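Thanks for coming, everyone. Please look at the screen, and I'll walk you through it piece by piece.

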Amino acid sequence: MGGGTNSYQEIEETDAILLWGSNARETHPIFFHHLLKGVHSGAKLYAIDPRRTSSAQWADSWLGLDIGSDIALANAVGREIIAAGLQHKEFIGHATTGFEEYKRAVEPYTLEYAERETGVPANVIREMAHTYAKAKTGMICWTLGITEHHNAVDNVLSLVNLALLTGKVGRYACGLNPLRGQNNVQGGGDMGALPDRLPGFQHVEVDEYRQKFEKHWGTTIPPKRGKNLTQMFEAMATKELRGLYVIGENPLQSEADQHHAKRMLEGLDLMIVQDIFLTRTAELAHVVLPAAAAWCESEGTVTNSERRVQRVRKAMEPPKGARDDIGILFELAKRMGRDWGVPNAETIWNELRVLSPVHAGMSYARLEAAKGLQWPCYDEAHPGELFLHSRLWEQPLTGPRVAFNPVEHDPPVEKLTPEYPFRLTTGRRLSDYNTGVQTAGYDSPLRRRESLDLCPEDAERLGVCEGEVVSVSSRRGTVDVAVRVDDSLRPGMTFMTLHFQDEVATNFLTIDATDPKSGTAEFKAAAVRVERRG
Amino acid sequence: MSDESYWFKPPPRARELPMAPVRDEPPPVEITIDGRVLFASSNATILEVCRSIGIDTPTLCYLENLTPVNVCRVCVVELAGSRTLVPACSRRVEAGMVILTDSPRVRLSRRMVLEFLGSSVDLSTAPQAKGYLARYEAAPTRYGPPAPPANARDAREPGHHHAPEGNTSETVAQPTKIDNDLYVRDYSKCILCFKCVEACGTDAQNTFAITVAGRGFDARISTELNVPLPDSACVYCGNCIGVCPTGALMFKSEYDMRKAGTWNEPAQTQTDTICSYCGVGCTLTLHVQDNTIVKVTSPMDVSVTQGHLCIKGRFGFEHVQNRHDEPK
């Protein structure tokens, strides 16, 4: 099961917070309210981010590491904790395996090495390591600064290792929390919108699980995992994959290396797009199915970053001709010769409760009354779990031990060269969202359109001034964009968003080097050149 | 290395439910409210105890999701042995307290406070305050007709009060501030309850874009140096609107509709759903009139938001309205 281990209330009471690769102040503003309550109550906040973000401004200490050096930093923190004898020996002995191997693996990651590799002063790394290890409770939270890398899973594992090392998981106000970027990323995973999982995180390659679903659905399910998004694009290139059904996504503009993505999508025999708008992807589609807005024009549930399943409700009628996603899928099934009956969100949810043990206790009535419940929730008397992995502290240990997973530092795929000397990283700003399909609809006084953000030193060196339109090129494409001077950046680093792709297609520049385990692209690290226009 | 089976099969359930640490509750104390003897937790405020036993105590500056600031004084109660009336919203109960919530002294004090507010502030969009005025038979008009608006309020320096004219009632009237597309500020309706400052500050948003400027009757809510919102630190979370009890802070959509005479609250539905943006999962209450979202709030009793939202959640709904212009 994958999900944030803690509840938001816990960050209000924790003693140390490592906010790693996350600008939650702008990207998860209401989570940051909870975090700030913790800070006001005395929690030490460390912001680990290449940019001195608005989140970092709240931190006791900002660790401005070079992009893609997260593992070098995390391993150095681990090594320092062990060198100082601050690891949680009882927890390691009781609930983990592979500590000796981990210890050997991090041995070369001295503070001096980490300072060279990350750019963060050794004494700052040491201070964070000691504070986190000594704190009674501590939480690590991260976002795409950890996961939009070619070694995303390794990055996450390097943080998991720190929590295991210090016994900061499975207890109140201790844990590991990926802050989900979209309102139902967690719920999509819950419901089996993953290549290897059936609903409730039940692995499709485990016969027992698969057969349970086959029996219930009266059908057979392919016994092998499918492809993740990256593998799907690879399969489009080889023509193994010929048809694509896209629901509520705009891959033409959201995928890294947009020129490549466009070629792949155009080469399909059939593309169906189901969306609330005629997105750029939908414009390429053979069939477009207009959908109702899931969050306000239909019924259902979503799951948030604290694993809380909450109801979405229909507040208004969709435009004429647009239909609820469930209705479209039911109609499609009917046209293919299967009558699934009358589409109804609660009926489908109740079927899920029969098949997914972690959702079994969440009736609609309980979700209404409790204003959302957190999985796992095994039966109707179960309140849902505040935090995960408490079994690791039970005497004797319940279930298997968890393993340290030693990982090695591996810098971004695209190296900086004299030809492409700048590091381009991407992210969101407060009032905008992803490719702007939704946020383009309202007038935000905070909106500044797209810009290439540079530090003052680099702007001066290039002889460019604020507002000047420059050409930015990577090995994959070129865009013209106005310069914004931003002193939260350090020399050599540039920043853009993905919010205004119609005006400035940032994804012409990004690299689709992907993590082999998760399929995530390295949106956070491309190499670019910045030129004044003749 | 990791045991592969761990990846395929989840570990077993914990034997015990994971729980938050249990905090020690102080022993309950005996108090007397309006002649009723009862036991209450000494963590509770007088207001909380009053509400728990059905005594409707008026409040204007108090809100469950904010720290009490004791500025409006309409919640005051009489406490035996105390020289002054005490604010129920912030005073915690102590053993042996004898409290009167509706004595002549309490009623007189509440009436005076409400008369001052009613004579100086436009309460036309503050139904709660108007209800209190009726309940306490407050007669704001006895201070005379409203004085002509003194529109230079924002320019007044502390200590530079202008002398009142005498037979009219001074007001806080000033022009409505419309300086952005999302919300308007009409400080003619401001009772200085301080809630917006708290919501913008450490109680929620921690942006600190507004605070009280000026002194005495010249006091008013202001951005730094009274700059327009787009030049201030404001990030348009709208949490100040969410807590405003008088409609001084208002969605631009509501303001425009009221002006056009199309605002029709009885015809509006309120539906709770979840925000469509990031993964925090904030509950949005969509106020819908004629199949159009006219306002977004969040319930205070939801643990995720505690009533507070960000700019996208509160204002980022236009994309579902724009579609109504499309050809049918």
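Let's start with burial in chain B. Of its 328 residues, 39% count as buried. A residue is buried if 20 or more other C-beta atoms lie within 10 Å of its own, exposed if 12 or fewer, and partly exposed in between, with C-beta atoms placed from the backbone.

Now the ground rules. This is a predicted model, where local features need pLDDT of at least 70, side-chain atom pairs count only at pLDDT 80 or more, and totals for chains, interfaces and linings use all residues. Residues are numbered from 1 along each chain as its sequence is written, while chains are lettered from A and ligands numbered from 1 in the order in which they are written.

Back to chain B. Its C-alpha atoms fill a box of roughly 85 × 65 × 40 Å along the principal axes. Its secondary structure comes to nine helices and twelve strands. Helices (H or I, at least four residues) and strands (E, at least two) are DSSP runs, numbered from the N terminus. Next, contacts: two residues are in contact if their C-beta atoms, placed from the backbone, lie within 7 Å. Take the contacts in chain B with a separation of 6 or more: residues 24 or more positions apart account for 56% of them.

How is chain B divided? There is domain 1 (29–102) and domain 2 (174–325). Those bounds come from an automatic or database domain assignment. The centres of the two domains of chain B, taken over C-alpha atoms, are 30 Å apart. Ten residues of domain 1 of chain B are in contact with 13 residues of domain 2 of chain B. The domain 1 side of that contact has seven nonpolar residues, two polar and one charged. For those classes, Ala, Val, Leu, Ile, Met, Phe, Trp, Tyr, Cys and Pro count as nonpolar, Asp, Glu, Lys and Arg as charged, and the others, Gly among them, as polar.

One helix in chain B next. H3(B) covers residues 104–120. Its 17 residues reach 24 Å from first C-alpha to last, close to the 24 Å expected at 1.5 Å a residue. The expected span is 1.5 Å times one less than the number of residues. Buried residues in H3(B) include Val106(B), Arg110(B) and Leu114(B). What covers the buried residues includes strand E3 (76–79), strand E5 (98–100) and helix H4 (127–135) of chain B.

Over to chain A. The assignment gives domain 1 (8–178), domain 2 (185–374) and domain 3 (422–532). The centres of domain 1 and domain 2 of chain A are 34 Å apart, over C-alpha atoms.

Look at helix H7 (residues 111–118) of chain A. Leu111(A), Ala114(A) and Thr118(A) are buried there. They cover an arc of only 60 degrees around the axis, which puts them on the same side of H7(A). That arc is taken from the directions from the helix axis to the C-beta atoms. The face turned away carries the exposed residues Glu112(A) and Arg116(A). After H7(A) comes Gly119(A), with a positive phi near 85 degrees.

What covers the buried residues of H7(A)? Helix H4 (70–83) and helix H8 (122–134) of chain A are among the cover. In H8(A), the buried residues are Ile125(A), Met128(A), Ala129(A), Tyr132(A) and Ala133(A). These cover an arc of only 120 degrees, so they sit on the same side of H8(A).

Now a loop. Arg51(A) is found between E2 and E3 of chain A. Why does Arg51(A) count as buried? Because it has 23 C-beta neighbours inside 10 Å. Leaving out residues up to four places away in sequence, Arg51(A) touches Ser488(A), Leu489(A) and Phe495(A).

Finally, where the chains meet. 63 residues of chain A are in contact with 63 residues of chain B. H3(A) gives the most to the chain A side, with six residues. By class, that side has 29 nonpolar, 23 polar and eleven charged residues.

Last, the cores. The largest nonpolar core has 168 residues, and Ile17(A) and Cys196(B) are among those with the most contacts inside it. Such a core is a set of buried Ala, Val, Leu, Ile, Met, Phe, Trp, Tyr and Cys residues joined through C-beta atoms within 7 Å. In soluble globular proteins, nonpolar side chains tend to be buried together.
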